[in-house]
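Subject: Structure handover

Hi,

Here is the structure for your files. My notes on it follow below.

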Amino acid sequence: MAESTVTLTTPPELVRVPLVTNDRKHTWITDKVSNIVEARTPLWWWMAFLPCSLIAVIGLLCIGYQISNGVGVWGENKTVGWAWDITNFVFWIGIGHAGTLISAILFLTRQKWRTSINRAAEAMTLFAVVCAGIFPGIHVGRVWMAWFLAPIPNANGIWPNFRSPLLWDVFAVSTYFTVSVLFWYTGLVPDLATLRDRAKSRVAKYLYGIFALGWRGSNRQWRHYEMAYLLLAGLSTPLVLSVHSVVSFDFATSIMPGWHTTIFPPYFVAGAIFGGFAMVLTILLPSRLLYPQLDDLVTRQHVDKMAKIILLTGTIVGYAYLTELFMAYYGANKFEFFTFFSARIGINNSGWYSWAYYVMMFCNVISPQLFWIKSMRTNYVAVFIVCMFVNVGMWFERFVIIVTSLAQDFLPSSWHHYHPSWVEIWTFVGTFGIFLSLFLLFMRFLPMICMFEVKLVTPEADPHHHPKKDQEGQH
Amino acid sequence: MSDHSHEITPPAAEKFDAKHIGGLSQILLVCGVGGIGVSAIGFFVARQQFAFSWLFAFTYFFTICCGALFWTSLQHATDSEWSVLVRRQMENLAKLLPWFALLFLPLILFCAPYLWKWWNIAPGVDPLLDFKQGYLNHTFFYARAAGYFLFLAWVSHSLWKRSTSQDADGAAKHTFAMRKFGIGGIVVVALAISFAGFDWLMGLDYHWFSTMWGVYVFAGAAGSSMSLLVLVITVLKSKGYLKLVNSEHYHIMGKFMLAFSIFWAYIGYSQYMLIWYANIPEETIYFRIRNTDSWWYFSQFLVIGRFFLPFPVLLMQATKKTKYINHVAVWILVMQLLDIYVIVLPALHRTGFRPSLFDLSALVGIGGLMGWLFLRNLVQSNLFPTRDPRLLGSIKLSN
């Protein structure tokens, strides 16, 4: 091919910033990440873990109290039959989306920046799904019948209703959880072997050794590993989409105004990724503060990219909100119109929960717009504040969908207010305790950054890498 | 892993030589003029059939070009490297968008009452229509249509202009400007394709509504547009151009075709299932017509042809990296045609399939004209962005 006379120079402002800053070497990465697990338990960890686990215990006590007394201890009533229970379920299951998205979809699309955040995000996913799984189990009331959620052959020949989206939920969530655990664990194996090899105590060596499944890092093992990881990524990708789509079916298959709308599946998925990324940052930013050595691995560039995803998904969610509003008007169905424009927006002061709608709109659509400004995306305080808004907003989104539609339904004579009871409030708070306790345990015992994958994105991993040549080039 | 040097000597600019395609340009022009001429007869003798046929052909090409604008915008918004070598052809396809304003004129000026039943219904006759008169009225309808074309034309032209200017000076400022237009372009495409879909397609039955509709139209548009891009690149390669485009680029384009086949199925299934499950008559009417008589076969074939056939084929890497991707691309474009046909024509022939010569003439007419205009675009600039700062990454692409 003939060549032109001009040279093509990458302008300085377009040169890509390295993903691992300060040109850190592979040994540095191994040392710093492993050190988090190997060092003595820091005081702050105990100061965080004890209150979190205490809150988790309170939550579990509330669940015990509810099981022994029945769902009557909650604030639900005949009109508002679903409230905080399903709100919390959808909230947590939504959060459990970002991890697998980062791990699977960003892996398939060759987004190398995922490597330093995927491990923690995946762990967070699993813990969020654990929290989510509690609510459908206990909201059935007679929890000892919860086994009936699964289609287990029984002597009475009674089966769950296969045409019910609630049953699809059981399949979707349990499949998602299983594949996510496998995916997370598969990615952990090489790093567990590193910890095993570095372990000084016999117990640690033994335990990490068991879970490292005899990993020796041979060529053959790597080949199998990479195939397994790719296949699991391929399997996880449709699951990321299917779980929240099926959750949205719980509502959208009904004829309830505000629930029955065809855009629900992609809208829920976008919302889940949105909320999930906000929670990843909510956890990652303080972790980064506590472990300053991670600064070179989880950089401003990572935060900037995640903020962009929050902006994108927040805007998609905004599109869905506005499309719903538009169709509530265009569809000319007076019940649908009432739900959106009166019960939610509060025209003529008729919306009991319109305040919740405005909280949702502000937190989910308005607040992420701050991320149009680059300096805001790289300002950790600003990012953290916006993420907190998003966390709140995504909880309110589910509350708005569920409670506003039910409380003011077709028949005004059956309208009913809903107030959460202390049991509901503490059960929900308790799930935060469970979530954070599990995450703190994860930080303590497992490498929170995928060491071997991060090494792959450093210049050192390039077969054509010449350290000397690089140094010369810098002059 | 990327190369650490930041300075390369770029490959020579490639210019398209019209001689390479023989008389194709003239053939397309003759098809365009001939097709439009036959359609013009339909305009006078069977106005209603003409209106639906024209809307069908118009929507088909319009959605593909909107898809091209979406892809162009996406590459800039994500600062994408892989696509630099093929991006100019996306830009050339998107650059056709302003011409659609001209092709829409016969519909909006002379055929509106035939297509959109609400057009001539007086206030007070249908309470449901009265309810949404704030949106469905003539003035706002004109204004919206003008808005769609204006914004689409502005963004597509600006992206093309900046990109070709960069060919001359290689300045980074164009990259930054295109990034801004790209981000804005995604918003413009999302809103234009959704609301154009609501106005022109969903409005064929003004009682019917579905919040998913905009996403559904977009899903089909994006997938088929990527397929057309594959074919354009293949044709150019077969004429000796774009030698730097290799199987790695095809691999990525194939992945997008796969992704959007799945996405189309996901959106289509969700919309269908939710409407079927809730079983509300004012919503099911759309599918009732399309599941009745001969339309039922078209609908079933669409599901199989648009998803179940391309899905396993595109899943294989071998398809995406070899000539077979072209066959799949042609297939997807045909399926997009069927999709739009099943959206538009059953609104006229509610009792079953009734082919018309004007369906074909409109398709050949608009297709020929657009093909001819595309070839004109092709000679106006280099075949790939010669001095794009990300060109090196695209040349050295490895999946």
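At what angle do helix α10 and helix α11 of chain A pack? The angle is about 125 degrees, and the axes lie 7 Å apart. Axes here are lines fitted to C-alpha atoms over the stretch in contact, with angles from 0 to 180 degrees between N-to-C directions.

Before the rest, the ground rules. This is a predicted model: local features need pLDDT of at least 70, side-chain atom pairs need 80 or more, and totals for chains, interfaces and linings use all residues. Residues are numbered from 1 along each chain as written, chains are lettered from A and ligands numbered from 1 in written order, and side-chain values use heavy atoms, without hydrogens and water.

**Helix pair**

α10(A) spans residues 300-330 and α11(A) residues 334-344. Helices are DSSP runs (H or I, at least four residues), numbered from the N terminus. From α10(A), the contact (heavy atoms within 4.5 Å) takes A:Glu324, A:Leu325, A:Ala328 and A:Tyr329. From α11(A) come A:Glu336, A:Phe337, A:Phe340, A:Phe341 and A:Arg344.

**Cysteines**

The whole structure has zero disulfides over all chains (a disulfide is a pair of cysteine sulfur atoms within 2.5 Å). For A:Cys62, the nearest cysteine sulfur is that of A:Cys131, 14 Å away. A:Cys62 is buried, at 5% relative accessible area (buried means under 20%, exposed over 50%, partly exposed in between; 1.4 Å probe, protein chains only). B:Cys66 is buried too, at 1%. Its sulfur is 7.5 Å from the closest cysteine sulfur, in B:Cys65, too far for a bond.

Best wishes

How values were computed: Helices (H or I, at least four residues) and strands (E, at least two) are DSSP runs, numbered from the N terminus.
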